[in-house]
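Let's take a walk through a protein chain together, one piece at a time. Keep the picture open beside you and look up each residue as we reach it.

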Amino acid sequence: MTFSAVIVAAGASTRAGPGAPKPWRSLGGRSILSWSIDALTAAGATQIVVVAAAERVAEAAQLLAGTPNAHAVAGGATRALSVQAGLAALTAQADTPVLIHDAARPFVSRAHIEPLLAALASADGAVPALPVADTLKRGADVIEATVSREGLWRAQTPQAFRFSTLRDAYGSWPTDAEPTDDAAVVERAGGRVVMTPGDPILMKLTYPEDFAMAERLAATSRITRIGQGVDAHRWGPGAAVWLCGVKIDHDHTLIGHSDADAGLHALTDAILGAIGEGDIGEHFPPSDPQWKGAASDRFLIHAVELVAARGGRILNADVTLICERPKIRPHRDAMRQRLADLMNLPLDRVSVKATTTEGMGFTGREEGLLAQAVVLVDTPA
């Protein structure tokens, strides 16, 4: 089931101690907000709206660069107003499932989301929840009473609702009250909200000591993988050549079963290698006639989709083309942009370079062209 998502990241983080607001602090080498963006994207979100403080909207938009159908909007003075700003920015249908998620819970995953979406088949809302395990006390410095924990649960996010259900419930919420979560809004409107299994990993980063624990969890929850790809094709008669997804007029063309785009082939192999998925020939055998003359961007898109299906993301890519001709520099910017579009990456995370072998070897004799690629991929451990 596909869904839309609103990530709430507009709070001031007054309890978190000195430093930037929580979504913008670093966790495992990247911003806390980016963890939720990547997880929701990998889980199948068709639209993501990040609600940020007005002065952080541009920064949020930069984090969303390369994420399809995603944008940032300014939040309000309260969480409820921020959620409503996010809902207003969605283009969802009335029955579209919408997840509302706090950016301060960075370890959300597909395993948390799928039960929430399934629960909407028979409920107006769904919330991941954990039973209260600690003994509860009421009082200040001195205990006044021990409170029964029977029937008490800790509600987490993301929380799931049909779009119109949550939008209409907020429309009837009294303006002089502040709900502590979105489920409370739907409950007050008469909606039936059910609980799905919560997870301690969905901890909310609130106090300074929480961040040290989160860093330890981050170190074990993600790994970085490096992939390398190499491809070469022979020159033959022709009037143009495809390189890194760009057609270049030339007095020769590269010979291959597909369009022989050595740059895209090397890059595809690098991505497949990073995630242990073999090589391009295993996925698109040259013996298969359906790939004869095929555009190589299909191969690269397939590899990118395999990374996303694992809950991963490509961090950056670097391609080197080795040839005497054609000259690559006039086309380099177009190549970078094409690769960035195919991989859903910001332009500054894509590099295309060219070099010659000073007349040495098969590239120096202009018998063929060689391409090399290196990628960095981040995936769940």
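Start with leucine 321, which touches Leu243, Cys244, Gly263, Ile328, Met335, Val352, Lys353, Ala354, Thr355, Leu369, Leu370 and Ala371, leaving out residues up to four places away in sequence. Touching, or contact, means heavy atoms within 4.5 Å. Before going on, note that this is a predicted model, where local features need pLDDT of at least 70 and side-chain atom pairs count only at pLDDT 80 or more, while totals for chains, interfaces and linings use all residues. Residues are numbered from 1 along each chain as its sequence is written, and side-chain values use heavy atoms, with hydrogens and water left out.

Which residues have the most contacts inside the largest nonpolar core? They are Leu267, Ile271, Leu321, Leu339 and Met343, in a core of 40 residues. A nonpolar core is a set of buried Ala, Val, Leu, Ile, Met, Phe, Trp, Tyr and Cys residues joined through side-chain atoms within 4.5 Å. As for "buried", that means under 20% relative accessible area, with exposed being over 50% and partly exposed in between (1.4 Å probe, protein chains only). Among the elements that give two or more residues to this core are helix H8 (262-274), helix H11 (332-343) and strand E17 (313-322). Helices (H or I, at least four residues) and strands (E, at least two) are DSSP runs, numbered from the N terminus. H8 provides the largest share of the core, eight residues. Apart from this core lies another one, with 32 residues, including Leu33, Leu117, Leu120 and Ala126.

Now for the strands. Five of them form an open sheet in the order E16-E13-E19-E17-E18, and the pairing is mixed. Two strands pair if DSSP finds at least two bridges between them. Strand E16 (252-255) and E18 stand at the edges with a single partner strand each, so one side of each has no neighbour in the sheet. From one strand to the next, the twist averages 25°. Inside the sheet, E17 and E19 run antiparallel and are joined by nine bridges; valine 319 stands opposite alanine 373 in E19.

Two helices lie across these strands. H8 lies across E13, E16, E17 and E19, and runs at about 155° to E13. These angles run from 0 to 180 degrees between N-to-C directions, and the axes are lines fitted to C-alpha atoms, for helices over the stretch in contact.

Let's zoom in on H8, where threonine 268 lies. Is threonine 268 buried or exposed? Its relative accessibility is 1%, so threonine 268 counts as buried. Leaving out residues up to four places away in sequence, threonine 268 touches Ile280, Phe299, Leu300 and Ala303.

Next, look at strand E7 (residues 125-131). Six of its seven residues are buried, so E7 is largely enclosed by the rest of the structure. Which strands does it pair with? E7 pairs with strand E12 (residues 193-197) in the parallel sense over five bridges, and there valine 127 has methionine 195 as its bridge partner. With strand E10 (residues 153-155), E7 pairs in the antiparallel sense over three bridges; proline 131 stands opposite tryptophan 153 there. E7 also runs antiparallel to strand E11 (residues 159-162), joined by two bridges, with alanine 126 partnered by alanine 160.

Finally, the charged pairs. A salt bridge is a side-chain nitrogen of Lys or Arg within 4 Å of a carboxyl oxygen of Asp or Glu, and by this rule the count comes to 13. One of them joins arginine 313 and aspartate 38 (3.1 Å, N to O). This pair links distant parts of the chain, with arginine 313 in strand E17 and aspartate 38 in helix H1 (residues 32-42), 275 residues apart. Arginine 313 is buried at 18% relative accessible area, and aspartate 38 is buried at 17%. Another salt bridge, between glutamate 366 and arginine 325, spans 3.0 Å, N to O. Here glutamate 366 is partly exposed at 36%, and arginine 325 is partly exposed at 33%. Salt bridges that share partners also join Arg30, Asp38, Arg313 and Asp378 into one network.
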